[in-house]
Amino acid sequence: MEEKRVKQSENVDLLQQSHLLDYNHPAMQNLIRERGWLSLQNRSELIGSVYTFVRDEIAYGYTKKFQIPASVVLSKGYGNCLTKTTLLLALLRAVDIPCQLHGATISRVLFRGLIPRPYHKLIPKYFHHSWVEVQYDNTWLEMGGHIIDMPYLLKLQEKFPDYMGSFYGYGLAALHFKNPKIKWEGESTFIQKKAIEKDLGVFNTPDEFFTAFPEAEAFTHTFRYRALFRNNLNSTIMAIRRGK
């Protein structure tokens, strides 16, 4: 894949809505009211509450399309790096937390164990990937630990009780399998970072990311994704959730 990196403009509104960041959608606003996020005065607590919701209450899984609005991700209740990042960006902006999307490509090593071996050669070597950069305490922090939900991670750790150290596969690419850095503590979080191949730059909105890299969405329209890749991923993930 040809490397193409986009540099973010300095004069952008990092709180703006977009077609995909539709945080004024009634379902999004209802969620914000129900959670009481706008009443939280502590900025770190606010970020942590929104982040933890997206991480744990939006399950790890693969939707039919990736280029979908945040409200749709919310209604589906599951997503991957691209779709959960869209939702996290929208919710953070809705509560006045400046943030942006960071894009990259990621290795298919991430899917070891989730895809049957005979299909490995049928899937691309690299996939489009994204995470959130949040403005906090006068600096930019990377938030990539929201992609894998804690219930799934705990079942995966039960499946490999004696495994220590770095772990590649089943949706993870992390140095510390038993204690990956996914808890919000005012620092960057990660769960798939070790599989990243190329940095594609930062984007004001996911809309701009998909415009710059239309192949990220185009993959979801292929036979390989619809008939082989997505079905196997989701069925294996659900089996692990059941303790299989």
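Strand β4 gives the most to the lining of the largest pocket, with four residues; helices (H or I, at least four residues) and strands (E, at least two) are DSSP runs, numbered from the N terminus. This is a predicted model, in which local features need pLDDT of at least 70, side-chain atom pairs count only at pLDDT 80 or more, and totals for chains, interfaces and linings use all residues. Residues are numbered from 1 along each chain as its sequence is written, and side-chain values use heavy atoms, with hydrogens and water left out.

A pocket is, on a 1 Å grid over the protein atoms alone, an open set of points with protein on both sides within 12 Å along at least five of seven lines, and lining residues have an atom within 4 Å of a point. The largest pocket holds about 280 Å³ of space, a volume being the space filled by probe spheres set on the points, which are joined across faces, edges and corners. Of its 22 lining residues, Pro 124, Tyr 126, Phe 127, His 128 and Phe 219 are the closest to the centre. Besides β4, α4 (81–94) and α7 (215–218) each supply at least two residues of this lining.

Helix α8 spans residues 223–241 and reaches 26 Å from its first C-alpha to its last, close to the 27 Å expected, that is, 1.5 Å times one less than its number of residues. A kink of about 35 degrees is centred on Phe 229, the bend being the angle between axes fitted to the seven residues ending there and the seven starting there. After α8 comes Gly 243, with a positive phi near 85 degrees.

How values were computed. 1 Å grid on protein atoms, 1.4 Å probe; cavity = no way out; pocket = protein on both sides within 12 Å on 5 of 7 lines; lining within 4 Å.
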